[in-house]
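Here's a quick briefing to read alongside the model. Have the sequence and the 3D view open as you go.

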Amino acid sequence: MSTTTTTSTTTTPTATSTAAEEFDGLPNAPAIQRRWVTVATGGHIGGVFWHTQRPTVVLLHDAGLSARSWDEVLLALGRPAVALDLPGHGRSSRRGRGDYRPRRLAATLEETVRSFAPGGVPVVGAGFGGLAAIALKAKFPRSAGRLVLVDALPGASSPGLRLWPEPSPEFATREEAAAWLEERGATDPARTAELETEQAADGTWSWRHHLGSLPADASTALDDETLWEQLATVRAPLLIRTEGGPLDAVSLDRFRAQVPDGDIVTVHPDPLSLADVLRPLTH
């Protein structure tokens with residue numbers, strides 16, 4: 001380890017949106033599209049495509065966020081990419097029973113990746129998205145390229161995993177939603193509230209994701225210690241940790257011990273630094 005400072009039904013996208021208005025506020029943004037794919041496990045999964053060429057990397061977000069959480073990184077990266085809305089998040093379908101355990105997402109993500117980004121491109125997962133990426137890569141090793149984890153290891157609480165699932169009220173305004181997030185220590189609560197809330201017919205605001213309103217009998221264990229066993233089977237994963245991030249020395253030592261061919265890179269907590277590490281992985 002070095003350290004540095006199976007077969008399923010092929011699917012096709014069911015809808016495409018240029019997303020021109022949605023992404024108007026991004027400076028110097030390339031061509032961006034939203035696309036959806038209907039999956040065999042039920043419902044649809046959405047992806048935000050950056051640039052018009054075939055994606056060279058797939059990105060999975062943390063719990064309670066969406067594909068839009070990667071905007072600044074992808075602006076800095078400057079490569080064709082697709083950021084997915086995980087099941088129950090963003091514009092992807094919710095699961096009726098509310099089961100979003102990483103191992104339960106693997107088949108859905110494999111089908112989506114095979115449809116949106118065939119050819120085994122790297123899969124980058126942050127927080128909860130990293131746990132889902134471990135399950136995907138371990139179960140379907142040929143469908144995804146190199147596994148890249150951003151502040152994500154089993155048992156390590158990312159900002160999203162610390163906050164969700166948690167029952168949430170409805171809000172009179174988006175500002176109320178942002179204040180609710182801020183009280184709970186969320187990262188960038190104003191932007192999260194702007195991107196991850198939607199207004200109902202009665203004027204109230206609630207989360208686009210399902211984690212704030214899960215059924216009473218839903219499984220809410222989004223983390224899974226047994227993912228360590230799966231991670232150990234993955235060849236040469238890359239772990240990216242941000243300075244001051246959620247990964248402590250115990251977690252890093254466990255990664256070194258259980259994943260001896262893995263690599264660890266430490267970056268400053270800003271989009272440009274992360275993009276600089278990801279760029280050489282894309283082609």
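Predicted model: local features only at pLDDT ≥ 70, side-chain atom pairs only at ≥ 80, totals over all residues.

Numbering starts from 1 along each chain as its sequence is written, and side-chain values use heavy atoms, with hydrogens and water left out.

**Nonpolar cores**

- A nonpolar core here is a set of buried Ala, Val, Leu, Ile, Met, Phe, Trp, Tyr and Cys residues joined through side-chain atoms within 4.5 Å; buried means under 20% relative accessible area, exposed over 50%, and partly exposed in between, using a 1.4 Å probe and protein chains only.
- The largest nonpolar core has 58 residues, and Val58, Leu153 and Leu231 have the most contacts inside it.
- Helix α3 (residues 128-139) gives the most to this core, at seven residues; helices (H or I, at least four residues) and strands (E, at least two) are DSSP runs numbered from the N terminus.
- There's also a second, separate core of 26 residues, which includes Trp50, Leu77, Val124 and Val265.
- As a general point, nonpolar side chains tend to be buried together in soluble globular proteins.
- Leu153 is in contact (heavy atoms within 4.5 Å) with Leu131, Trp228, Leu231, Leu239, Leu247, Ser251 and Phe255, leaving aside neighbours within four places in sequence.

**The α5/α6 pair**

- The axes of helix α5 (residues 174-183) and helix α6 (residues 189-196) come within 8 Å and cross at roughly 130°; axes are lines fitted to C-alpha atoms, for helices over the stretch in contact, with angles from 0 to 180 degrees between N-to-C directions.
- That makes α5 oblique to α6, because angles under 35 degrees count as roughly parallel, over 145 as roughly antiparallel, 65 to 115 as roughly perpendicular, and the rest as oblique.
- On the α5 side, Arg174, Ala177, Ala178, Leu181 and Glu182 meet Pro189, Ala190, Thr192, Ala193 and Glu194 of α6.
- By class, this contact has six nonpolar, one polar and three charged residues; Ala, Val, Leu, Ile, Met, Phe, Trp, Tyr, Cys and Pro count as nonpolar, Asp, Glu, Lys and Arg as charged, and the others, Gly among them, as polar.

- Val123 lies in strand β7 (residues 123-126) and counts as buried, at 2% relative accessibility.
- Not counting residues up to four places away in sequence, Val123 touches Val58, Leu60, Ala133, Leu136, Ala144, Arg146, Leu147 and Val148.
- Arg142 sits in the loop between α3 and β8 (147-150) and counts as exposed, at 82% relative accessibility.

- Most residues other than glycine have a negative phi, and most peptide bonds are trans.
- Trp164 and Pro165 are joined by a cis peptide bond, with omega about -5°; Pro165 is in the loop between α4 (159-163) and α5.
- His51, not a glycine, has a positive phi of about 75°; His51 is in the loop between β4 (44-50) and β5 (58-60) and is partly exposed, at 24% relative accessible area.
- Asp188 has a positive phi too, near 50°; Asp188 is found in the loop between α5 and α6 and counts as partly exposed, at 43% relative accessibility.
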